[in-house]
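I opened this model to look up a few local features. My entries follow in the order in which I made them.

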Amino acid sequence: MIAHPNIIQTSSFEFGSLFAIDDPFTVGPEPTSTLIGNAQGLYVSSSQDHVVFTTVMYTNFAFTSGRFNGSSFSAFSRSSSLDAIHELAIVGGRGALRMAKGFDLTQITFVNLTTCNVILECNVTLYHY
């Protein structure tokens with residue numbers, strides 16, 4: 001968490017809290033999978049619902065090796081804890097992925113709330129021109 005609202009809340013989801021991410025971007029969901037870049041971005045807790053954790057998320061997936069080394073694509077969307085699979089819109093890219101469009105179907109494969117570690121499996125379909 002990099003910022004939180006200065007209000008008293010009854011929800012454990014901290015409406016309005018802003019989080020930053022800078023995580024490994026790998027070929028597969030296994031912790032030992034080959035590193036191909038970084039996933040960096042922001043998400044904000046965007047619902048005052050006391051039961052459902054909802055965020056609006058922006059993530060940039062930057063390649064640091066392989067065929068797309070030096071290129072990236074960006075995903076942006078709303079996400080709810082009720083969704084088994086989260087769909088994010090691919091809204092652009094740079095380098096070899098300039099003007100990318102598409103979607104990312106993401107599911108949570110591992111959660112440790114004590115250490116705040118989460119592993120996401122992202123299945124991305126890109127159309128670039």
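Which backbone oxygen does the side chain of S17 reach? I found the backbone oxygen of E14, at 2.9 Å. A polar contact here is a pair of N or O atoms within 3.5 Å; within protein, one must be able to donate a hydrogen and the other to accept it, and residues adjacent in sequence count only if both atoms are side-chain atoms.

Ground rules, noted before going on. The model is predicted, so I kept in mind that local features need pLDDT of at least 70 and side-chain atom pairs pLDDT 80 or more, while totals for chains, interfaces and linings use all residues. Residues are numbered from 1 along each chain as its sequence is written, and side-chain values use heavy atoms, with hydrogens and water left out.

**S17, continued.** I placed S17 in the segment before β1; helices (H or I, at least four residues) and strands (E, at least two) are DSSP runs, numbered from the N terminus. S17 counts as buried because its relative accessibility is 0%. The classes are buried under 20% relative accessible area, exposed over 50% and partly exposed in between, with a 1.4 Å probe and protein chains only. Leaving aside neighbours within four places in sequence, I listed M1, A3, H4, P5, Y43, V44 and S45 as contacts of S17, contact meaning heavy atoms within 4.5 Å.

**T55.** I looked up T55 in strand β3 and found it buried, at 7% relative accessible area. Not counting residues up to four places away in sequence, T55 touches Y43, V44, S45, S46, S77, R78 and S79.

**Largest pocket.** How much space lies in the largest pocket? I read about 1600 Å³. Of its 46 lining residues, D23, M57, V118, I119 and L120 are the closest to the centre. A pocket is an open set of points on a 1 Å grid over the protein atoms alone, where a 1.4 Å probe fits, with protein on both sides within 12 Å along at least five of seven lines; lining residues have an atom within 4 Å of a point. The volume is the space filled by probe spheres set on the points, which are joined across faces, edges and corners.

I then checked which strands supply the lining. At least two residues each come from β1 (18–26), β2 (35–45), β3 (54–63), β4 (72–80), β5 (86–94), β6 (101–112) and β7 (117–127). β7 has the largest share, eight residues. By type I noted 28 nonpolar, 13 polar and five charged residues; Ala, Val, Leu, Ile, Met, Phe, Trp, Tyr, Cys and Pro count as nonpolar, Asp, Glu, Lys and Arg as charged, and the others, Gly among them, as polar.

**Aromatic rings.** I found seven aromatic pairs. Rings of Phe, Tyr and Trp (its six-membered ring) pair if their centres lie within 6.5 Å; planes under 30 degrees apart are stacked, over 60 edge-to-face, the rest tilted. F25 and F73 are edge-to-face because their planes stand at 80°, with ring centres 6.5 Å apart. F25 lies in strand β1 and F73 in strand β4, 48 residues apart. Both F25 and F73 are buried. One aromatic cluster is formed by F25, F61, F63, F68 and F73.

**G93 and M99.** G93, in strand β5, is partly exposed at 28%. I listed its contacts beyond four places in sequence as S72, F73, R98, M99 and A100. M99 lies in the loop between β5 and β6 and is exposed at 52%. Phi of M99 is near 65°, a positive value in a residue other than glycine.
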